[in-house]
Amino acid sequence: MTNSSQTPPARIPGYDGGPFRHQPELLDEYLFWQVHLPLGATQDQETGALLSQLLGGDTWPLFTVPLAGDHHLYVVYRALEGEAGIDYLVHHPDWDAAETLAQDDGHFMGPGLSWAELIAAADNGLPGGSTTNPDARLLLLLPAFGDDAVPDDAVERLTAALSARTRVEEPEQLAATLLEHQGQCGPTRWTTAEGGYLINDGGYSFRNPANRFAWPAARLAQVASALTTS
């Protein structure tokens, strides 16, 4: 179920781009997932046209997933000529600027989500976003995920989402492949910092305190809490 009445933000603080266009109806289209995810399908005229529409128009498609404590995840199709890609951002009304969680493009940054956080965001049921459907949310956020310790039931869960939202012929096999390779970043190890919040060891992740571009400790803790609390 999509929430098509939602109005996208006129701007995302600290993020240059837009104007934004909220398109929740795309989450009900199998062609969208063929573009959004590495489903292994050969690009045809229809998917090529949709990709051009998403990344080559005058407006930037935007999807939202609400989190606990008034935090929001924004998934933005960055329709910038020569620098097109998908940005995953997290924001709270009290912040001066949104934080980049991950970037899915030729200069990938991430991962931004552990498996447990991905599932929590998919299943929190909070209204006010682009969709309340957990399968659609899971697939929307999947490119920002990376985790070397997915549970045994992860293939089953991803298979169910792929079966529900796409037309792939062998969803279980694809789910296993996606969980094995995990996009551009590959599996990343998550641990608990001294402050009790999740961090990872990804060389391109904003949630790895060892990286010079990492978020400060207070923000790492706040975002981790928002991602795991319903």
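A salt bridge is counted where a side-chain nitrogen of Lys or Arg lies within 4 Å of a carboxyl oxygen of Asp or Glu. The model described here is predicted.

## Salt bridges

Across the whole structure, the search returns 6 salt bridges.

| Side chains | Distance, N to O |
|---|---|
| Asp 87 and Arg 78 | 2.7 Å |
| Arg 78 and Asp 105 | 2.7 Å |
| Arg 157 and Asp 123 | 2.7 Å |

The salt bridge between Arg 157 and Asp 123 has an N to O distance of 2.7 Å. Arg 157 belongs to helix 5 (residues 154-165) and Asp 123 to helix 3, so this pair ties together parts that lie 34 residues apart in sequence. Arg 157 is partly exposed, with a relative accessible area of 21%. Asp 123 is partly exposed as well, at 40% relative accessibility. Through salt bridges that share partners, Arg 78, Asp 87 and Asp 105 are joined into one network.

Are the residues of the pair Arg 78 and Asp 105 buried or exposed? Both Arg 78 and Asp 105 are buried. For Arg 78 the relative accessibility is 9%, so this residue counts as buried under the 20% limit. Asp 87 has a relative accessible area of 2% and is therefore also buried. The side chains of Arg 78 and Asp 105 form their salt bridge at 2.7 Å, N to O. This pair links distant parts of the chain, 27 residues apart: Arg 78 sits in strand 3 (residues 72-78), while Asp 105 sits in the loop between strand 5 (99-104) and helix 3 (115-123).

## Strand 3 and its partners

Strand 3 has 6 of its 7 residues buried, so the rest of the structure largely encloses this strand. Strand 3 pairs with strand 2 (residues 60-66) in the antiparallel sense, over 5 bridges. In this pairing, Pro 66 stands opposite His 72 in strand 3. The two strands form a hairpin with 5 residues between them, and in the turn Gly 69 has a positive phi of about 65 degrees.

Strand 3 also runs antiparallel to strand 4, to which 7 bridges join it. Here Val 76 stands opposite Asp 87 in strand 4. Asp 87 is the residue whose side chain meets that of Arg 78 in a salt bridge. The hairpin of strand 3 and strand 4 has 6 residues between the strands, and Gly 82 takes a positive phi near 85 degrees in it.

## Residues in the helices

Thr 47 lies in helix 2. Its relative accessibility of 3% places Thr 47 among the buried residues. Leaving aside residues up to four places away in sequence, Thr 47 touches Leu 31, Gln 34 and Val 35.

In helix 3, the buried residues include Trp 115, Glu 117, Leu 118, Ile 119, Ala 121 and Ala 122. Just after helix 3, Gly 125 has a positive phi of about 70 degrees.

Leu 140 is part of helix 4 (residues 134-141). Leu 140 has a relative accessible area of 0% and is buried. Which residues does Leu 140 touch, not counting residues up to four places away in sequence? The contacts of Leu 140 are Leu 27, Phe 32, Trp 33, His 36, Phe 63, Val 65, Val 75 and Tyr 88. Leu 140 and Leu 118 are 22 residues apart in sequence, and their C-alpha atoms are 9.9 Å apart in space.

## The largest pocket

The largest pocket holds about 400 Å³ of space. Its lining consists of 24 residues, and those nearest the centre are His 36, Leu 37, Pro 38, Asp 104 and Pro 143. His 36 is also one of the residues that Leu 140 touches.

At least two lining residues of the largest pocket come from each of helix 1 (30-36), helix 2 (45-56), strand 4 (85-91) and helix 6 (171-181). Helix 6 supplies the largest share of the lining, with 4 residues. By class, the lining of the largest pocket comprises 15 nonpolar, 7 polar and 2 charged residues.

Definitions and conventions. Residues are numbered from 1 along each chain as its sequence is written. This is a predicted model: local features need pLDDT of at least 70, side-chain atom pairs count only at pLDDT 80 or more; totals for chains, interfaces and linings use all residues. Side-chain values use heavy atoms; hydrogens and water are left out. On a 1 Å grid over the protein atoms alone, a cavity is a set of points where a 1.4 Å probe fits but cannot get out, and a pocket is an open set with protein on both sides within 12 Å along at least five of seven lines; lining residues have an atom within 4 Å of a point. Grid points are joined across faces, edges and corners, and a volume is the space filled by probe spheres set on the points. Ala, Val, Leu, Ile, Met, Phe, Trp, Tyr, Cys and Pro count as nonpolar, Asp, Glu, Lys and Arg as charged, and the others, Gly among them, as polar. Buried means under 20% relative accessible area, exposed over 50%, partly exposed in between (1.4 Å probe, protein chains only). Contact means heavy atoms within 4.5 Å. Two strands pair if DSSP finds at least two bridges between them.
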